[in-house]
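Me: I am new to this structure and would like to learn how to read it. Please take the features one at a time.

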Amino acid sequence: MKKERSEEGKPEELAVRQPLLDFRDSLLDLHKVLIESERAVYEANVGPINSPHHFFQLLTSDPWFAWLRPVSQLVVAIDEALDAEEPLTSDSVDALINQSVFLLIPAESAGDFGERYMAALQRDPRVVLAHARVSRRIGSTKPQA
């Protein structure tokens with residue numbers, strides 16, 4: 001049986017899990033905002049997306065949206081860690097969150113993801129706000145005494 005991603009458990013376990021849960025929530029928000037922003041650009045350049053099914057197909061298989069996959073993969077890695085049988089440690093939480101540092105620090109020389117992410121930051125204030133929320137979570141993984 002899978003462990004639930006709840007706030008049940010020992011206080012020590014919660015102190016380790018909570019920063020990752022908070023980070024995951026902010027990363028999911030960023031992912032959603034990036035998808036919405038990129039959809040608007042796609043529709044302006046290519047044409048309307050007529051159904052949720054069509055949009056899902058585009059998200060999963062169209063090269064236009066492929067640059068978003070590293071964020072999706074990071075969310076999946078976090079979900080797997082939260083659902084794993086072995087308990088999380090501060091080091092494993094730090095490692096997961098630190099992956100995002102290399103992903104989300106905009107750099108024009110960072111390939112397709114970096115270029116597209118930088119463009120999204122420049123065109124959409126919602127992306128900037130969501131990025132700021134994720135950034136605040138980075139480095140906040142140490143339990144407060």
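Reply: Start with the elements: helices (H or I, at least four residues) and strands (E, at least two) are DSSP runs, numbered from the N terminus. Asp-94, for one, lies in helix H4. This is a predicted model, in which local features need pLDDT of at least 70, side-chain atom pairs count only at pLDDT 80 or more, and totals for chains, interfaces and linings use all residues. Residues are numbered from 1 along each chain as its sequence is written, and side-chain values use heavy atoms, with hydrogens and water left out.

Me: How many helices and strands are there in the chain?

Reply: The chain has six helices and zero strands. Read from the N terminus on, the order is α-α-α-α-α-α.

Me: Is Asp-94 buried or exposed?

Reply: Buried means under 20% relative accessible area, exposed over 50%, and partly exposed in between (1.4 Å probe, protein chains only). Asp-94 has 14% relative accessibility, so it counts as buried. Of the 145 residues in the chain, 37% are buried.

Me: Which residues touch the most other members of the largest nonpolar core?

Reply: A nonpolar core is a set of buried Ala, Val, Leu, Ile, Met, Phe, Trp, Tyr and Cys residues joined through side-chain atoms within 4.5 Å. The largest one here has 35 residues, and Leu-27, Leu-30, Leu-34 and Tyr-117 touch the most other members. Elements giving two or more residues to this core include helix H1 (11–45) and helix H6 (125–137). H1 supplies the largest share, ten residues.

Me: What does Leu-27 touch?

Reply: Contact means heavy atoms within 4.5 Å. Leaving out residues up to four places away in sequence, Leu-27 touches Val-71, Leu-74, Val-75, Ile-78, Leu-104 and Val-134.

Me: How do I read the packing of two helices?

Reply: Two packed helices are described by the angle between their axes and the distance between the axes. Axes are lines fitted to C-alpha atoms, for helices over the stretch in contact, and angles run from 0 to 180 degrees between N-to-C directions. H1 and H4 pack at about 25 degrees, with axes 9 Å apart. H1 is therefore roughly parallel to H4, a term for angles under 35 degrees. Pro-19 and Leu-27 of H1 are among the residues making the contact, as are Val-93 and Leu-104 of H4.

Me: What is the distance between Asp-94 and Pro-19 in space?

Reply: Their C-alpha atoms are 9.3 Å apart, while Asp-94 and Pro-19 are 75 residues apart in sequence.

Technical notes:
Parallel < 35°, antiparallel > 145°, perpendicular 65-115°, else oblique.
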